[in-house]
Amino acid sequence: MNTLVITRVAERQWHALDDDLVVGRGDASRRPDGRLFLSVDAWHDSVFERLAGAMLAALPRPLYTVVDEADLDLTARWRQTGLTTRRREWEYVMPSDTLPVPSPRGVTTLPIGTAELRPLRRLDRTIRAEIESSVGWDQMPAAVLSRPLDPARYVVAADSDAYVGLARLAAVAEAHPDRAHRRPRRQSPPRHCRALLAEVRRATHAGGAATVSAEVHEANTAAIALFEGAGARRHGSNLELVIR
């Protein structure tokens, strides 16, 4: 491809042109936490290298990308541009059907879609404050930052005074049409988490999905114990790469 030309077509978009034919695309998207994540779509290594190089030269660092760890070629391509591993998330998969798990004494598990918006917002604000004062947003999945709140996506644990824990259910129909995806949202007591997870699995089964999946940071031993204790199996892993 001696005639390869890299053109910046928008603020965070690039095209690779060979004789005016688009042979590759690069994109930088800003996540809700403010970080820039890169993606490159190109068949040939030389096109990938040129696109990635143009983006790395033009954009402010740090810059990030996420890859399936099993995709050795893509991972190697990004490493060759200078990115290194920042974190790993395990993907766990489990059947959606399950026996009910009793809620702890004094706590009620509200089925998906039945939570009231006002107390859900209060809990959401509490969770956000906890994240900001502890691990920080850069350790959280992008889905956690999603707004506005939609009660139809949440299973909630409530006591007599307030909501005390929740799980957010998000479909992943684009990649896995028969699965649902659970994003943990709070370090609730284990009994609360088990009851929330059981309700997520019940609701997912009722909605016609065969399995539930969740992504868990490799260092989150409590979450790993929760899912493995519920019979989940490790299905794969994603790497978040960074260049500073």
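Reply: Arg12 pairs with Glu11 in a salt bridge, their closest N and O atoms lying 3.9 Å apart; the term requires a side-chain nitrogen of Lys or Arg within 4 Å of a carboxyl oxygen of Asp or Glu. The model is predicted, so local features need pLDDT of at least 70 and side-chain atom pairs count only at pLDDT 80 or more, whereas totals for chains, interfaces and linings use all residues. Residues are numbered from 1 along each chain as its sequence is written, and side-chain values use heavy atoms, with hydrogens and water left out.

Arg12 is partly exposed, with a relative accessible area of 26%, while Glu11 counts as exposed at 60%. Buried means under 20% relative accessible area, exposed over 50%, and partly exposed in between (1.4 Å probe, protein chains only). The whole structure contains 10 salt bridges.

Another of them joins Asp45 to Arg77, with the closest N and O atoms 2.7 Å apart. Because Asp45 lies in helix α1 and Arg77 in helix α2 (residues 72–80), this pair ties together parts that are 32 residues apart in sequence. Helices (H or I, at least four residues) and strands (E, at least two) are DSSP runs, numbered from the N terminus. Asp45 counts as exposed at 52% relative accessibility, whereas Arg77 counts as buried at 16%.

A salt bridge is also found between Asp124 and Arg128, at 2.6 Å from N to O. These two residues lie four apart in helix α3 (residues 117–133), about one turn of the helix, and both are buried. Elsewhere, salt bridges with shared partners join Arg35, Arg86 and Glu240 into one network.

Helix α1, which holds Asp45, spans residues 45–58, 14 residues in total, and reaches 20 Å from its first C-alpha to its last. That is close to the 20 Å expected at 1.5 Å a residue, the expected span being 1.5 Å times one less than the number of residues. Its buried residues are Val47, Phe48, Leu51, Ala52, Met55 and Leu56. Seen down the axis of α1, these fall within an arc of 155°, so they line one face of the helix; the arc is that of the directions from the helix axis to the C-beta atoms. The face turned away from this buried side carries the exposed residues Glu49 and Ala57.

The largest nonpolar core has 23 residues, of which Leu38, Leu59 and Trp78 touch the most other members. Such a core is a set of buried Ala, Val, Leu, Ile, Met, Phe, Trp, Tyr and Cys residues joined through side-chain atoms within 4.5 Å. Strands β2 (13–18), β3 (21–30), β4 (36–42), β5 (63–68) and β12 (233–243), together with helix α1, each supply at least two residues of this core. Helix α1 gives the most, with six residues. A second, separate core of 21 residues includes Trp90, Val107, Leu169 and Ile224.
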